[in-house]
Amino acid sequence: MNDAVRIRGIAERDWTAIAALEARAYTRLGLTEGQAALRARRDTSPDTCFALHLGGRLGGYALALPYPHGAYPGLGRAGRATAPTRNLHLHDLVIAPELRRRGLARKLLRHLFTAARSHAYDHVSLVSVGGTEAFWSARGFTPHPGVVTPGEYGANAVYMSLSLEVSGVRVPCP
Ligand SMILES: CC(C)(COP(=O)(O)OP(=O)(O)OC[C@H]1O[C@@H](n2cnc3c(N)ncnc32)[C@H](O)[C@@H]1OP(=O)(O)O)[C@@H](O)C(=O)NCCC(=O)NCCS
């Protein structure tokens, strides 16, 4: 089996696997958006959305789009920035359960940060869900409590952000 990790833009043939991975990750949290909403995120910003392949199959994905700092897209709705912004919002990043804890999310994040810099973004934001705040803190994101409407992204959702100018050493790649 070819175990090389490949990260590239999302192709049409990736969508069935991406939607399945998203459902596996978020159904238990009541946060599943479904394929149409995920496609709308990618269509908003194809250059900052990626599929990770390992051993010839989809192992993870990341969907990021421009969005004003301090705001976030509504779940299941195709929200997009209405004015230019240098903040890139990482709406979703998922690694397949059987492939976790091997550094693949870090690898995907490094790829995303490189793309973000090359497109002149200066910050990356996200809404941490499902108890992942410690994961994002360890990657250099800082919390901004009170931004997310309680319950909108499930329990314990926290808006977090990172300056790309100081993030270079925070995502070591194994
Ligand atoms: C969060 C997620 C993306 C992490 O992916 P991963 O490939 O396992 O992450 P990595 O292997 O790159 O993790 C590296 C480090 O993060 C830690 N980590 C992983 N998941 C964590 C979590 N949920 N909470 C705290 N730390 C975590 C690992 O222990 C590891 O730390 P170490 O190097 O100090 O041992 C993955 O668990 C996932 O897809 N979860 C479901 C979807 C999700 O919640 N996405 C985030 C939405 S905001």
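For the residue classes used here, Ala, Val, Leu, Ile, Met, Phe, Trp, Tyr, Cys and Pro count as nonpolar, Asp, Glu, Lys and Arg as charged, and the others, Gly among them, as polar. The structure is a predicted model. On this basis, the lining of the largest pocket comprises 21 nonpolar, six polar and ten charged residues.

The largest pocket holds about 920 Å³ of space. It is lined by 37 residues, of which Leu 93, Arg 100, Thr 132, Phe 135 and Trp 136 are the closest to its centre. At least two lining residues come from each of α1 (15–26), β4, α3, β5 and α4. The greatest contribution is that of β4, which provides six residues.

The ligand sits in this largest pocket. Two or more residues of the shell around the ligand are given by each of β4 (87–95), α3 (104–118), β5 (123–128) and α4 (133–138). The shell contains 19 residues, with Leu 93, Ile 95, Arg 101, Gly 103 and Arg 106 coming nearest to the ligand. By class, eleven residues of the shell are nonpolar, three are polar and five are charged.

The ligand taken alone exposes 890 Å², of which the protein buries 75%.

Terms used:
Residues numbered from 1 in each chain as written. Predicted model: local features only at pLDDT ≥ 70, side-chain atom pairs only at ≥ 80, totals over all residues. Heavy atoms only, no water. Near = heavy atom within 4 Å. Areas by Shrake-Rupley, 256 points an atom, 1.4 Å probe, with all protein chains shown as cover. 1 Å grid on protein atoms, 1.4 Å probe; cavity = no way out; pocket = protein on both sides within 12 Å on 5 of 7 lines; lining within 4 Å. Sits in = over half its atoms within 2 Å of the grid points. Helix = DSSP H or I, 4+ residues; strand = E, 2+ residues; numbered from the N terminus. Points joined across faces, edges and corners; volume = space filled by probe spheres on them.
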